[in-house]
Amino acid sequence: SGYDLGLAWRSPDGRYSAEVTGYRLDVHDQIAFTFDPVTFASRYANIDRTRTLGVEVQADADLGSGFRLHGAYAYTDARDRSTGAWLVRVPFNQASAVLSWQGEKLGGALTVRAEGKQADADPDTFARTVRRGFVTADLAGSYRVRQGLELTARVENLFDKRYQQILGYGEPGIAGYVGVRFSD
């Protein structure tokens, strides 16, 4: 069972908006990925009762001259109600910010994403541990050649941050991509 309650606001001129949502979710027999330290095996298992409480906030602003700013934040407290332990791989805090610009032919965006600590399993011992948080940044751009044809480029993990979304599985370092987008 669960519920959520949200509020939304938009400025009279439509340039600014914000939303906030609070929620609670109670689950019986939740299926979750777990690690068994005795057999050193990973498997899916039922957790008798879980509760997730959270708040999500987002805001948008039209800054003028083609610039927009979008921000989002989420706080999540997800626990096994039988033991009180944090649920694995659910970060307490997540946030992102996107500053974008769109001109007549050129466009671009800088995205910064942060994720706080979360419960996880040590990849060597399978014991419960905590994965540290991280912050990454991506940069994207586009150039409209003509109606229906656009050149794109992006750089992910702009500052070559070494981090692990899931312990034991490193994420790629800095990477660049170019592309062509066709549309009607």
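User: What do the numbering and the computed values rest on?
Analyst: Residues are numbered from 1 along each chain as its sequence is written, and side-chain values use heavy atoms, without hydrogens and water. In this predicted model, local features need pLDDT of at least 70 and side-chain atom pairs count only at pLDDT 80 or more, while totals for chains, interfaces and linings use all residues.

User: How many aromatic pairs does a search of the whole structure find?
Analyst: The search finds four aromatic pairs. Rings of Phe, Tyr and Trp (its six-membered ring) pair if their centres lie within 6.5 Å; planes under 30 degrees apart count as stacked, over 60 as edge-to-face and the rest as tilted.

User: Why is the pair of F67 and W101 called tilted?
Analyst: The centres of F67 and W101 are 6.3 Å apart and the planes make 45°, so the pair falls between the stacked and edge-to-face limits.

User: What makes F67 partly exposed?
Analyst: F67 has 35% relative accessibility; buried means under 20% relative accessible area, exposed over 50%, and partly exposed in between (1.4 Å probe, protein chains only). W101, at 31%, is partly exposed.

User: Why is the pair of F134 and Y163 called stacked?
Analyst: The centres lie 4.3 Å apart with 25° between the planes, so the angle meets the stacked criterion.

User: How do you know that F134 is buried?
Analyst: The relative accessible area of F134 is 4%, and that of Y163 is 15%; both therefore count as buried.
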